[in-house]
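Subject: Structure handover

Hello,

Please find the structure below. My notes on it follow.

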Amino acid sequence: MISLRPPSPHKDKPRPRWQEVDWPSLTDKLKDLQVPPPPDTPSPNQLDQWFSSALSTLMMTIEATAPRSRPSPRSKAWWTPLLTSLRKGFTKATRRAKKLLTPYSYTIARQSKLGYFKSIKRAKASYWADFLAKTSPNNIRTAKQLVAPRKTPRFPSLPDASGLVAINKALLDHFFPPKDPLPSRGRLKRNPSADPLTSEEIKLALSKSSPSSAPGPDGVPYSVWKKVNLVNPTIILELLSPLVAFVYHPPSLKAANGVVLDKPGKASYDSPTSFRIIVLLKTISKILERIMTVRLSAIARSKGLLHQNQYGSLPGLSSSDACLTLTHEVKTLQRPRLKVSTLFLDIKAGYDNVNASTLRARLLASYVPSYMVDWVSSFLLERTCTLLFQGSPNLSSPVSVGTPQGSPISPLLFLLYVSPLHMSIPRGLMVSYVDDFSITVASPSHRGNIRKLQRLFNTVAARGRDIGVSFSVPKTEPIHW
């Protein structure tokens, strides 16, 4: 049985055009706006309600001066008011020619048509020239995407799932498998060990945030928060400070959109492994997450929680440093005429396999300040996600996520989680870049290197099983230098 139905109408609701907010008229309102204080000893639900209410009041004040867009699948960035008037003239002339049926009316209609389509070409050329004139290294990727052929989004067709709701559930079960939940907290109290939030921390976090970053479910870009903080720096400070003081991350900030993208070059797309999910979080939440990332990074370095050969997602350490470290080690081992080999490993579904209970126990055992441990636990608890793909049912579902991809603090939490996988190797080196590991060994023969790599892989795989991670076999590759 095959059921056919017409396509559903466009469902996008009018949304604020944030780039056209009337900030001069908002200046006095934002300067006079005061965030009400939270309750003294609130429950988690009360603190969440206080935060949601204060944030809603702020957003209503800003949205009141923002014009609304009228989303349409046929909207064009290069369209101008002149083209609208020319289209009306062309339509009017065409109808008049069909009514009068005279040579003169057909001539007028033809001239209107030529002028209309020539104006469209000029508008497209002018918009493209203006776009290229403003192109920078930050948006060169956008220019490439505009000239590339448009790719049709691939629909997840899973053999064991019939219907959109079943496909949505199958993707959630694959990417967010159930994990041991952390215990929920009762009444909240201010943690005396929590350092107060400062305006300098918020300013630094906003300076590291890109205005072109995709916003989360609320649709608010970083540019709005930068303007708000520029007009009145106390608003964001008073909004986020109680969350740090009570060491609590409210559920309203943990709702995310998960964009399902297909991995290119796959033989078939009938399995969830052929797709990946990009999680889009609310920007106001990512401001606080970026601040806590800076604090936790300093704590981790001071307590030696990060291995010296871990690279990526850390300030001052990039892929170039990892490559130079590996190259230097290979050349050093080759000087005494030894054969050098490297085994490259990739952790399977790295971020999603982080166990919050194991991570919390490790942080407590390393004497990380209690407020930071409690905030990380609260951040990983009670998260929800709405999967977005072609025809998705847009259902918000609770997920037992490890660390959400897209969050500024997730890479650091993952590095702390997999740090025990590192080990010292005589005549060798282990280097990692986020979830990619490499094991380098040396001996008089390549056959001896293979035996060494097999033993070391068994050891690191056993350590991985202890913390609930495994390595992807198709992405495991040896290289003999």
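Helices (H or I, at least four residues) and strands (E, at least two) are DSSP runs, numbered from the N terminus. With that in place, S419 sits in the loop between α14 (410-418) and β7 (428-433).

This is a predicted model: local features need pLDDT of at least 70, side-chain atom pairs count only at pLDDT 80 or more, and totals for chains, interfaces and linings use all residues. Residues are numbered from 1 along each chain as its sequence is written, and side-chain values use heavy atoms, with hydrogens and water left out.

Overall picture

The protein has 15 helices and nine strands. Its C-alpha trace spans about 95 × 60 × 55 Å along the principal axes. Of the 481 residues, 42% are buried. Buried means under 20% relative accessible area, exposed over 50%, and partly exposed in between (1.4 Å probe, protein chains only). Contact means heavy atoms within 4.5 Å. Among contacts with a separation of 6 or more, 75% are between residues 24 or more positions apart.

S419

S419 has 11% relative accessibility, so it counts as buried. A polar atom of its side chain lies 3.1 Å from the backbone oxygen of L305. That is within the polar contact limit: a pair of N or O atoms within 3.5 Å; within protein, one must be able to donate a hydrogen and the other to accept it, and residues adjacent in sequence count only if both atoms are side-chain atoms. Not counting residues up to four places away in sequence, S419 touches L305, L306, H307 and Q310.

Helix α2

Two residues here deserve a look. D48 lies in helix α2 (residues 44-63). D48 is buried but has no salt bridge. A salt bridge is a side-chain nitrogen of Lys or Arg within 4 Å of a carboxyl oxygen of Asp or Glu. The nearest side chain of opposite charge is K282, 8.2 Å away. For charge, Lys and Arg count as positive and Asp and Glu as negative; His and the chain ends are not counted. What does the side chain of D48 make a polar contact with? The partner is the side chain of S252, at 3.0 Å. Leaving aside neighbours within four places in sequence, D48 is in contact with P250, P251 and S252.

A polar atom of the W50 side chain lies 2.8 Å from the backbone oxygen of P36. Beyond neighbours within four places in sequence, the contacts of W50 include P36, P37, P38, P39, E238 and P242.

Helix α13

Is α13 enclosed or open? Nine of the eleven residues of helix α13 (residues 370-380) are buried, so it is largely enclosed by the rest of the structure. The buried ones include Y371, W375 and F379. The buried residues pack against α9 (234-245), α10 (283-302), α12 (356-365), β5 (383-388) and α14. Just after α13, E382 takes a positive phi of about 55°.

Aromatic rings

Rings of Phe, Tyr and Trp (its six-membered ring) pair if their centres lie within 6.5 Å; planes under 30 degrees apart count as stacked, over 60 as edge-to-face and the rest as tilted. By this rule there are eleven aromatic pairs. F90 and Y116 are stacked, at 5.6 Å centre to centre and 15° between the planes. F90 lies in helix α3 (residues 81-100) and Y116 in helix α4 (residues 103-133), so the pair ties together parts 26 residues apart in sequence. F90 is buried at 19% relative accessibility, and Y116 is buried at 9%.

The rings of F437 and F471 have centres 6.4 Å apart and planes at 80°, so this pair is edge-to-face. F437 lies in strand β8 (residues 436-443) and F471 in the loop between α15 (446-467) and β9 (477-480), so the pair ties together parts 34 residues apart in sequence. F437 is buried at 1% relative accessibility, and F471 is buried at 10%. F90, Y116 and F117 form one aromatic cluster.

Charges over rings

A charge sits over a ring if NZ of Lys or CZ of Arg is within 6 Å of the ring centre and within 35 degrees of the ring normal. R362 has its charged end over the ring of Y417, 5.5 Å from the centre. R383 lies over the face of F379, 4.7 Å from the ring centre.

Best wishes
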